[in-house]
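Please view the sequence and the model together while reading.

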Amino acid sequence: MHPATGSGGVLTDRVLVIDDDVNFHRLVEVALGEAGLKCVCVRSSEEATRLMTGSVPSLVLLDGLLPGVRGDELARRLRQKYPADKLPIVFISAFYRDMKSYRLLTQECGVDLVLHKPIQPAALRASVERLLKQVAFPTATTLPRAEDEEEIELHEEEPAEAAPESESPEMLQLRAEYLNNSKE
């Protein structure tokens, strides 16, 4: 993981998860914990902004529909303050699935990656690890952002019911609870 730019604050070398769903918090903590990553979870943009006053996380996982300031607006604010090579932002939501939303998030809000809920823990972990490596090793080749929709390939996640056999019993239980609650 890359060294965060904060000065030893609570977020240094952590993934900041901004989502009002505590079941999602638990799922992310375990999924990323299996990769040796630590998380700090908050339920609103305001909480995240307060925490980021003292330190900067390694990466932000950001939900779209939050109480108060929405995720897309927070992404804009974060990107104005922190360039992509200092703070990767992953926008993860059950909404924002159309091409217009994708363009808004990536081109106007500066989001590095858009993922859709419900997400497979292994896919989340791989995406986060890839972005952290890109920040840690900036000379590595990265693909440029597509400017028109013909070049953009949106990847749908595997069906939520298809759990990889390699998941731990704890992860299987957390994912089942998360999926049950997300259907509501």
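Which residue in strand 4 does Leu-61 stand opposite? Leu-61 stands opposite Val-90. The model is a predicted one, in which local features need pLDDT of at least 70 and side-chain atom pairs count only at pLDDT 80 or more, while totals for chains, interfaces and linings use all residues. Residues are numbered from 1 along each chain as its sequence is written, and side-chain values use heavy atoms, with hydrogens and water left out.

**The sheet and its helices**

Helices (H or I, at least four residues) and strands (E, at least two) are DSSP runs, numbered from the N terminus. Two strands pair if DSSP finds at least two bridges between them. Strands of a sheet pair through backbone hydrogen bonds, either parallel or antiparallel. Here, five strands form an open sheet in the order 2-1-3-4-5, with parallel pairing. Strand 2 (39-42) and strand 5 are at the edges, each with a single partner strand, so one side of each has no neighbour in the sheet. From one strand to the next, the twist averages 20°. Angles run from 0 to 180 degrees between N-to-C directions, and axes are lines fitted to C-alpha atoms, for helices over the stretch in contact. Contact means heavy atoms within 4.5 Å. Strand 3 and strand 4 are joined by three bridges. Helix 1 packs on the sheet and touches strand 1, strand 2, strand 3 and strand 4. Its direction makes about 170° with that of strand 2. Helix 3 lies across strand 1, strand 3 and strand 4, and runs at about 180° to strand 4.

**The nonpolar cores**

A nonpolar core is a set of buried Ala, Val, Leu, Ile, Met, Phe, Trp, Tyr and Cys residues joined through side-chain atoms within 4.5 Å. The largest has 25 residues, of which Leu-61 and Val-128 touch the most other members. Helix 1 gives the most to this core, with six residues. Beyond its neighbours within four places in sequence, Leu-61 has contacts that include Val-28, Leu-124 and Val-128.

**Buried residues**

Buried means under 20% relative accessible area, exposed over 50%, and partly exposed in between (1.4 Å probe, protein chains only).

| Residue | Relative accessibility |
|---|---|
| Cys-39 | 16% |
| Cys-109 | 0% |
| Gly-64 | 0% |

Gly-64 lies in the loop between strand 3 and helix 3 (71-81). Its C-alpha atom is separated by 7.0 Å from that of Phe-91, 27 residues apart along the chain.
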